[in-house]
Amino acid sequence: MTTNPMTLRRTSLIPWISEARALLRVSSPLIAMQLMQFGMVTADIIMVGALGEKPLAAVSIGAVMYYFVWLAAYGPVMAIAPVVSHILGANPDDTRSVRIAVRMGLWAAAFVSLPLMGLLVFSRPALLALGQPPDIVDMAMPWIQVVAFSLPFTLGYGVLRNFASAAGRQGVVMAISAAALLVNIALNYVLIFGNFGAPALGVVGSAIATAGAHAFSFACMLVLMYAQPFFRKFDLLRDFLAPDWERLRELFRLGVPMGMAMIFESTLFNAATLMMGTLGATTLAAHQIAVNIAGLAFMIPLGLGLGATVRVGLAAGAGDAQAARRAGNTAIALSALIATFFAICMALFPGTLVSLYLPAESQGSEVARLAVAYLMFAAFFHLFDALQVMGQMCLRGLKDANVPMWIAGLSYWLVGFPVAWVLAFWMGWQGTGIWVGLTVSLALAAVGMVWRFEWLSRTRR
């Protein structure tokens, strides 16, 4: 008796279809969470943008500085997801090991917060040394100094959020992110413009809104850890002062290279923003609009990647190399498909998208023209960006951290930055040259990260 070839093909697809469904089930709340968190940045930009180009440029510069410091602290926080996934993949009932990992994650967040807060508060000389206009720096510093005090809250929230995601409770993370977005928008509306009798604080009001939303997120997540029965069984704050140095070392051993890989990419984009700042407030504002649109689309593959880390990690923790490879390849294919759709949208409708960020009287301005031009590049590199982050997230699920760090460093700084600098300032391409450099670096990183996962998942048994 022979089996119909069509039936065989359908049967062979069943595990892949099941994996795709599982990935989407895990990732959908995380995608929504990423969109809502990015919505906080977008709300700041749109609402501050109503004050004019200089306040928008100031918040952009401030956000660059804060994000850099946040990334420097975030490595051990990111390591929570793969560590907890491996623990639960090996034994879903091992609440003690999970509790220790989360506790050490909170310790790590506390250790790194204080010195980095000080760095933010006194960052004015660094911004001036990087060639930023003094009047923009003076406007940005109050924003930075206020938001600096939210760093421990956002890191603590990240630890608990990554734990909840790895434990399969992504929905609660999405709900808290949605509430934080509403808090941020409401506080922005009141404090930036002085509504409901509040003082009109402008840029500082935006900073207070952002810091308040971060503190709100952490408080809600901490309460949830004991309010919901599923989380209560982990008793996360039990023996909170008891150290586990080996687990803490593991979080830093994995987290530092993970964080460095993200720092290499993010600092290139931050360097691009700073380079744009030397070209004037108009160029910087246009760049920020294009980056924000591309970043908003990027939240979808990023959220999918967070789910892929969990799926790959659970399979790897259970010792199922075939399932881990299937989970990663499914995520990479879905990411490419989704990114292609958004790249087409950015290429076909750049003017419409840019118009959402500018008042009616600015639609035909130089800011709008430059933003449309930059968005065309963003459409081109969006696919590469989605593939590199997905490859990197899948590698995290395998607890592979060092090689992705080197791939990122070489792609972004050995190649990307020199290309951007030469084209922008030596060849006179200005902002266009910077965007070409970003595109080249992302293409190299995408090839390296995906190849690394394909090789490692095939050879690791």
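Colleague: Why is D235 called partly exposed?

Modeller: The relative accessible area of D235 is 25%. Buried means under 20%, exposed over 50% and partly exposed in between, with a 1.4 Å probe and protein chains only, so D235 counts as partly exposed. Keep in mind that this is a predicted model, where local features need pLDDT of at least 70 and side-chain atom pairs count only at pLDDT 80 or more, while totals for chains, interfaces and linings use all residues. Residues are numbered from 1 along each chain as its sequence is written, and side-chain values use heavy atoms, with hydrogens and water left out.

Colleague: Where is D235 placed?

Modeller: D235 sits in the loop between α9 (229-232) and α10 (245-277). Helices here are DSSP runs of H or I with at least four residues, and strands are runs of E with at least two, numbered from the N terminus.

Colleague: Which residues does D235 touch, leaving out those up to four places away in sequence?

Modeller: They are R99 and Y226, where contact means heavy atoms within 4.5 Å. R99 is 136 residues from D235 in sequence, yet their C-alpha atoms are 7.0 Å apart in space.

Colleague: What lines the second largest cavity?

Modeller: Its lining is P257, M258, A261, Q392, R396, D400, A401 and P404. α10 gives the most, with three residues.

Colleague: And how many residues line the largest pocket?

Modeller: There are 19, and L130, T267, N270, A271 and L274 lie nearest its centre. α10 gives the most to this lining too, with five residues.

Colleague: Which residues touch the most other members of the largest nonpolar core?

Modeller: L155 and F163 do, in a core of 149 residues. Such a core is a set of buried Ala, Val, Leu, Ile, Met, Phe, Trp, Tyr and Cys residues joined through side-chain atoms within 4.5 Å. α2 gives the most to this core, with 20 residues.

Conventions:
1 Å grid on protein atoms, 1.4 Å probe; cavity = no way out; pocket = protein on both sides within 12 Å on 5 of 7 lines; lining within 4 Å.
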